[in-house]
Amino acid sequence: MDHYSKKVIGYSVENSSSGKATRFLLQEAYNLHRPKQTLFLTDSGSENVNKKVASFFKLYKNTIIHRVAQRDVLFSNSMIEAFNKVLKHQFLYPKNIKNRVGLEKVMTETIPIYNNERPQWQLGGNTPNETFNSVPFSFNNRTKEFKDQKALRIIKNKENSCKKC
């Protein structure tokens, strides 16, 4: 995830988290965007701090700087944790996902919605993709969209409410 725009730059569906998966995602994102310099902020989980990921950083030592939250920097990786919460509660849990194929299908639908259609208040009402591409924000153009999104969330929340209570 790009910290400035909150755009999801890469993802994969894996059986478990691993250094191999993290390295693959990093390589894919790097090849796609070719940043001049970037900060890769992670927690200290073994999927992020390992030999496979470290060897990737050595290849691009002047381009990618890896920092571990709460160890190398004072701030946290709360942005990705907030995204994970949104992903689970707004997109995954409401679906009846039965297997990996179903999860992959939902993810291929979800990420474009998150990046291109879901305006975010913290981005001034822009979508992550608009912010990533430096599109100026016009609040007047979004008023109806905000109302529509709120109405849709209310409907979806009612559909998925606890039936036992």
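How many nonpolar, polar and charged residues does the lining of the second largest pocket have?

Guide: Happy to. A word on the ground rules: this is a predicted model, where local features need pLDDT of at least 70, side-chain atom pairs count only at pLDDT 80 or more, and totals for chains, interfaces and linings use all residues. Residues are numbered from 1 along each chain as its sequence is written, and side-chain values use heavy atoms, with hydrogens and water left out.

Now to your pocket. By class, its lining has eight nonpolar, six polar and seven charged residues. Here Ala, Val, Leu, Ile, Met, Phe, Trp, Tyr, Cys and Pro count as nonpolar, Asp, Glu, Lys and Arg as charged, and the others, Gly among them, as polar.

What's a pocket, though? On a 1 Å grid over the protein atoms alone, it's an open set of points where a 1.4 Å probe fits, with protein on both sides within 12 Å along at least five of seven lines; lining residues have an atom within 4 Å of a point. The second largest pocket has a volume of about 760 Å³, a volume being the space filled by probe spheres set on the points, which are joined across faces, edges and corners.

This pocket is lined by 21 residues, and nearest its centre lie Gln 90, Phe 91, Leu 152, Arg 153 and Lys 156. The elements giving two or more residues to the lining are α3, α4 and α6 (139-159). Helix α6 provides the largest share, seven residues. Helices are DSSP runs (H or I, at least four residues), numbered from the N terminus.

Let's stay with α4 for a moment, as it holds two pairs worth a look. Glu 104 and Arg 100 form a salt bridge, with their closest N and O atoms 3.0 Å apart. That term means a side-chain nitrogen of Lys or Arg within 4 Å of a carboxyl oxygen of Asp or Glu. Glu 104 and Arg 100 sit four residues apart in α4 (residues 100-117), so about one helical turn separates them. Lys 105 and Glu 109 form another salt bridge, at 2.6 Å between the closest N and O atoms; these two are also four residues apart in α4, about one turn.

How open are they? Lys 105 is exposed at 52% relative accessible area, while Glu 109 is partly exposed at 35%. Exposed means over 50%, buried under 20%, and partly exposed in between (1.4 Å probe, protein chains only). Glu 104, at 31%, is partly exposed, and so is Arg 100 at 36%.
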